[in-house]
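Visitor: Could you walk me through this model, please? I would like to start with its surface.

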Amino acid sequence: MGMVQEFKEFALKGSVIDLAVGVVIGGAFGGIVKSLVSNIIMPPINLLTARSGVNFKEAALTIETESPKLDDAGKVIEGEGAGMVVQDYPILNYGPFVQTIFEFLLIAIALFVAIKLINAARSHMEGEPEEEEVAKPSEDIQLLREIRDALQKS
């Protein structure tokens with residue numbers, strides 16, 4: 001029975017619950033940022049880069065490959081009309097990777113701004129900390145320091 005009680009205390013601690021809420025909100029926030037990048041940010045960028053023939057959704061390093069012609073059933077055509085078809089085969093899909101980098105940067109910037117705002121609000125709510133006065137050394141210590149400095153000069 002003691003182990004069940006320990007687990008109950010652990011699971012109901014504020015930090016565990018806060019972590020669970022953070023994970024859920026973080027997942028939802030990631031979905032929002034992904035939608036923002038793929039639906040709002042990337043289309044204008046793709047429009048600008050389309051003039052040069054680059055579309056990030058389909059951007060990839062490709063090689064030309066040859067394969068036999070196939071009929072609608074997926075069988076190799078033999079005899080008349082037979083031959084090889086030359087087509088591009090993607091080797092490295094870097095477009096989706098670039099899009100993911102944009103998503104990461106936006107999430108990092110949003111988190112930075114959120115943390116900055118939270119810290120500013122926290123310091124405003126707590127009030128500015130009063131600067132502690134630096135304790136002045138006693139006269140004896142000041143005199144000893146002066147003697148030390150005079151000895152070092154000579």
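This is a predicted model: local features need pLDDT of at least 70, side-chain atom pairs count only at pLDDT 80 or more; totals for chains, interfaces and linings use all residues.

Visitor: What share of the accessible surface of the protein chain belongs to carbon and sulfur atoms?

Guide: Residues are numbered from 1 along each chain as its sequence is written, and side-chain values use heavy atoms, with hydrogens and water left out. By the Shrake-Rupley method with a 1.4 Å probe, the accessible surface comes to about 13,500 Å². The carbon and sulfur share is 63%.

Visitor: In what order do the elements of the protein chain run, and what is its radius of gyration?

Guide: Counting DSSP runs (helices H or I, at least four residues; strands E, at least two), the order from the N terminus is α-α-β-β-α-α.

Visitor: Is I101 buried, partly exposed or exposed?

Guide: I101 sits in helix α3, residues 95-126. Buried means under 20% relative accessible area and exposed over 50%, with partly exposed in between (1.4 Å probe, protein chains only). At 37%, I101 is therefore partly exposed.

Visitor: How far apart do the end C-alpha atoms of residues 94-115 lie?

Guide: The unreviewed UniProt entry places a "transmembrane region" at residues 94-115, and another at 12-33; such annotations may be inferred rather than shown by experiment. Residues 94-115 are 95% helix and 0% strand, and their end C-alpha atoms lie apart by 31 Å.
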